[in-house]
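Student: I'd like to learn how to read a few features off a structure. Can we go through them one at a time?

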Amino acid sequence: MSANLYPSTSWDSLRQIVAPLAPVPSHQRLLIKGAAVVSMDPTVGDLARGDLLIEGSRIAAIGPDLSADLVDGAEVIDASNMIAMPGFVDSHRHAWEGQLRRLDPNSPTLLDYLRSTHFSVATHYRPEDMYVGNLLTALGALDAGVTTLVDNSHNARSPAHSDASIDALQDAGLRAVYAPGKPLAGEWAQHWPQDLARLKQERFEENDDALVTMAMMSQWDRETWAEARRLGLRIVTEFLGADMGKLLPELKADGLLGPDNIFNHCTGLTDAQWEILRDTGVSVNVCPRSDAQYGLEEGLTVFQRAVDHGIAPAISIDVEASYGGDMFAEMRAAYVMQRGFAQHRRYHGDVAAPAPVSVRSILASATIDGARVAGLSNVTGSLSPGKQADIVLIRADDINLYPSNNAIGTIVHAAERSNVDTVIVGGRIRKSGGKLLGLDMGALKQATEASRTHLFARVGYAPDLFADAPPQLAQA
């Protein structure tokens with residue numbers, strides 16, 4: 001992407017934060033040896049001790065002890081005392097907010113969140129701020145074992161803002177579905193939905209090995225949804241509350257709902273509305289922490305309501321403006337809330353109370369179900385021969401995890417980003433020995449500080465490291 005798309009004179013230095021990614025050689029052969037394998041593929045199963053062979057960007061074979069003839073000449077990664085699992089799939093994240101991490105950790109309502117982000121600092125984002133935010137988020141995701149991200153980018157104020165966001169995702173080297181959309185406040189280029197066609201033609205390769213692919217983010221709008229479908233794009237929508245729920249019967253009657261819809265949150269819906277989502281095949285992701293953080297309708301994740309209506313939900317992280325960006329914490333929040341809510345119903349005599357959730361079902365929501373919601377179930381989400389090699393190795397002999405008496409319990413209940421030893425995306429190693437590769441951390445910090453300084457100055461905010469109240473920021 002040529003530098004003249006960006007107004008910043010520091011663009012060349014920004015693109016040097018991460019070393020350029022070399023293509024994955026088709027003849028590459030990597031052997032992950034001796035791991036406890038959690039495949040999330042019922043045809044593969046789980047292996048107490050197994051090997052995974054990677055050829056090029058894909059998984060070629062998985063077995064308890066792959067034959068010497070099959071693995072001859074492969075570079076070996078010793079995974080003894082490690083758990084091999086598919087990379088996490090975060091099916092809903094606003095990556096542009098990277099430099100706003102924990103700006104407002106106590107936001108009590110959705111409106112407070114919007115005031116501290118979309119209605120204030122977001123209106124002053126330049127393309128380079130989008131790049132920095134997306135890069136910081138993407139690298140943080142990789143560090144925590146998230147190999148796939150659906151980037152809900154509804155701060156795409158101009159074509160250059162979109163290009164910068166895409167560049168950051170590509171430079172980071174994770175798998176991503178970029179879903180641009182119009183901002184919620186402030187001035188913008190009025191380029192939606194017409195810029196979707198340009199983006200698809202100019203920025204996205206039509207092949208199975210492309211790491212970054214495209215969707216679209218939009219609230220209900222007939223013209224915009226029609227354009228997305230004309231281009232073959234999945235449609236991402238923030239869907240919550242009674243007013244949105246009331247739209248569903250008409251949308252269904254008009255044939256405007258389908259498996260290409262991704263609905264975030266889905267709080268505050270009636271049983272009849274959930275049945276419409278199920279019957280039309282709408283993909284659903286739930287947000288355990290943000291739904292509680294911002295007091296969205298029930299305030300509790302609707303994970304169980306989706307399951308009750310025959311929908312396998314993905315779980316997603318949503319934002320880092322209030323809390324952390326790792327899937328380990330999100331899984332634990334989903335598990336604990338479902339268990340607590342189910343027990344509360346049993347305690348009060350509800351004979352229809354749901355069974356307690358299992359760690360395997362929670363891990364499925366963070367991997368294979370997330371891949372399905374993202375439209376990537378044939379690409380990632382499980383360790384399966386033929387799929388892209390999106391693999392995470394967790395050190396099970398670290399002091400906080402040893403001894404590991406249950407591999408999936410270890411992942412869901414105890415592991416954290418510090419235990420993530422190796423992250424592989426499409427056959428390319430992005431983290432090894434607990435360290436991200438090719439990253440100039442000093443340059444990343446410098447770029448982040450420059451972006452924060454610009455944004456905070458524009459909204460008149462003096463950072464307060466110990467503030468309890470939501471920040472007072474100039475609104476658009």
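Student: Is C287 buried or exposed?

Tutor: Keep in mind that this is a predicted model. A residue counts as buried when its relative accessible area is under 20%. C287 has 0% relative accessibility, so C287 counts as buried. C266 is buried too, with a relative accessible area of 0%.

Student: How many disulfides are there?

Tutor: A disulfide is a covalent bond between the sulfur atoms of two cysteines. The count here is 0 disulfides. Take C266: the nearest cysteine sulfur belongs to C287 and is 8.6 Å away. The cut-off is 2.5 Å, so C266 is in no disulfide. C287 is in no disulfide either, with the sulfur of C266 as its nearest, 8.6 Å away.

Student: Okay, on to strands. In which sense do strand 2 and strand 3 pair?

Tutor: Strands of a sheet pair through backbone hydrogen bonds, and they do it either parallel or antiparallel. Strand 2 (residues 46-55) and strand 3 (residues 58-63) go antiparallel, over 5 bridges. Look for I54, whose bridge partner in strand 3 is I59. This hairpin has 2 residues between the strands, and G56 takes a positive phi near 65 degrees.

Student: What is the order of the strands in the open sheet?

Tutor: Its 4 strands come in the order 6-7-8-9, with parallel pairing. Strand 6 (88-93) and strand 9 (212-214) are the edge strands, each pairing on one side only. From one strand to the next, the twist averages 15 degrees. Helix 4 (residues 127-143) packs on the sheet, where it touches strand 6 and strand 7 (146-153).

Technical notes
Residues numbered from 1 in each chain as written. Predicted model: local features only at pLDDT ≥ 70, side-chain atom pairs only at ≥ 80, totals over all residues. Heavy atoms only, no water. Buried < 20%, exposed > 50% of the residue type's maximum accessible area, 1.4 Å probe, protein only. Pairing = 2+ DSSP bridges. Axes fitted to C-alpha atoms, helices over the stretch in contact; angles between N-to-C directions. Contact = heavy atoms within 4.5 Å.
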